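Q: I'm new to this one and would like to learn how to read it. Could you walk me through it, feature by feature?

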Amino acid sequence: MHYAVGAPLPPPRGQASGPGASMHWTPHPGGPTPGGHHPPASPPAPSPPPQAPAAPPPPAPQPAPAGQGWHGPAPQQAPPTQHSMDVTGHVPLPPVPLPSPPTDAAPDAAHTAVAVLLIGPAGAGKTSVARHWADTRRVPTAHISLDDVREWVRSGFADPQSGWNDHSEAQYRLARRTCGFAARNFLANGISCILDDAVFPDRPVVGLGGWKRHVGPGLLPIVLLPGLEIVLERNARRSGNRRLSDEEVARIHGRMAGWYGSGLPIIDNSQHDVATTVRVLDDVVARSIASPPNW
């Protein structure tokens, strides 16, 4: 079924419409012709006989409303809003309390919205510490695990344990960008976050530069590095693809030792349980806020 969609568009301003509109001209009775000549005088016509009063002219036609031909209800317009809606569905969160003015004491890390990157070898306890730190903070805090994000890929997952190649590196880069986007989104909404990843000091392709680029220069990298014996013991309690061979664990731990002398804060949690390590992490975060590390 065909419906009319509205009245014709009006002609451009200053131009008449209809066939021959540009050539049409109606002289005023008794007025001059276009060439400036006066028409010849005519003898007066005889008076017509009296007639009955003429009927009033019909009312002038009104312009057709938009949507002519549609007999349904008029379309309703959405009421104006004070602020444009965010098409992503973002809902503003309550503001996070600002940290107290700087004093001689270190800032209270439990009340500050920050982004922390927890670095360490397999078996260092990164995931357990990061989760407990996020659970116990007094401000909203999210935990973002790079390994978890990498394993979102179910079919076609490139497991680095099967060999580091172009596919595993591409999926690692994609997971890191995804984690970085999530961290920036949380921070923009006043939510702290802690990310954990095994970043190698001697591997620039998966180094800190990408994290700084994706999250921002305010990211606080902190290294969690217990002794090799502790790492081997914790790795032995793992299961599935998270458990590595002792040789691989020892190799990774040796490469992580390169962080000593890098200027990044290092926590040796060999003798600490998770709760104690979290308290040490709070202290290190507070010091890093007061004096950010150069990296």
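This is a predicted model: local features need pLDDT of at least 70, side-chain atom pairs count only at pLDDT 80 or more; totals for chains, interfaces and linings use all residues.

Q: How many bridges join β2 to β3, and how do the two strands run?
A: Five bridges link them, and the strands run parallel. β2 is also mostly covered, with four of its five residues buried.

Q: In what order do the strands form the sheet?
A: To read a sheet, step across it from strand to strand. In this open sheet the five strands come in the order β2-β3-β1-β4-β5, with parallel pairing. The edges are β2 (141-145) and β5 (266-267), each of which pairs on one side only.

Q: What joins β1 to β4?
A: Four bridges do, between β1 (residues 115-119) and β4 (residues 220-224), and these strands run parallel. For one spot to look at, take isoleucine 119, which stands opposite valine 223 in β4.

Q: Which strands does helix α4 lie across?
A: With a helix on a sheet, look for the strands under it and then the angle. Helix α4 (residues 208-215) lies across β1, β3 (192-197) and β4, and runs at about 160° to β1.

Q: Now the inside. Which residues touch the most other members of the largest nonpolar core?
A: For a core, ask who has the most neighbours in it, and then which elements contribute. This core has 30 residues, and Leu117, Ile119, Leu195, Trp211 and Trp259 touch the most other members. Two or more residues come from each of β1, β2, α2 (146-150), α3, β3, α4 and α6 (246-256). Helix α3 gives the largest share, four residues. Apart from this core lies another, of 16 residues, including Val116, Leu220, Ile222 and Leu281.

Q: What does tryptophan 211 touch, leaving out residues up to four places away in sequence?
A: Quite a list. Tryptophan 211 touches Leu117, Leu146, Tyr172, Arg176, Cys179, Gly180, Leu195, Asp197, Val199, Gly216 and Leu219.

Q: Is serine 168 buried or exposed?
A: Accessibility is the number to check. Serine 168 counts as buried because its relative accessibility is 2%, and the cut-off for buried is under 20%. This serine lies in helix α3. Beyond its neighbours within four places in sequence, serine 168 is in contact with Ala158, Pro160 and Gly163.

Q: What about glutamate 229, buried or exposed?
A: Glutamate 229 counts as exposed, at 62% relative accessibility. Its place is in helix α5 (residues 228-236).

Q: Where do glutamate 169 and arginine 173 lie?
A: Both are in helix α3 (residues 166-188), four residues apart, or about one turn of the helix. Glutamate 169 is buried, at 18% relative accessible area, while arginine 173 is partly exposed, at 29%.

Q: Which residue forms a salt bridge with arginine 237?
A: Glutamate 233 does, with the closest N and O atoms 3.4 Å apart. Arginine 237 counts as exposed, at 60% relative accessibility, and glutamate 233 as partly exposed, at 46%.

Q: How far apart are aspartate 283 and arginine 287 along helix α7?
A: They are separated by about one helical turn, because they sit four residues apart in α7 (residues 274-290). Aspartate 283 counts as partly exposed, at 37% relative accessibility, and arginine 287 is exposed, at 53%.

Q: Last one: where does pLDDT stay under 50?
A: The protein has a mean pLDDT of 74, and 61% of its residues reach 70 or more. Values stay under 50 over residues 66-70, where the model has eight contacts beyond four places in sequence. The same cut-off applies to residues 93-103, where pLDDT stays under 50 and the model has seven such contacts.

Notes
Residues are numbered from 1 along each chain as its sequence is written. Side-chain values use heavy atoms; hydrogens and water are left out. Buried means under 20% relative accessible area, exposed over 50%, partly exposed in between (1.4 Å probe, protein chains only). A salt bridge is a side-chain nitrogen of Lys or Arg within 4 Å of a carboxyl oxygen of Asp or Glu. Two strands pair if DSSP finds at least two bridges between them. Contact means heavy atoms within 4.5 Å. Axes are lines fitted to C-alpha atoms, for helices over the stretch in contact, and angles run from 0 to 180 degrees between N-to-C directions. A nonpolar core is a set of buried Ala, Val, Leu, Ile, Met, Phe, Trp, Tyr and Cys residues joined through side-chain atoms within 4.5 Å. pLDDT is the predictor's confidence in each residue, from 0 to 100.
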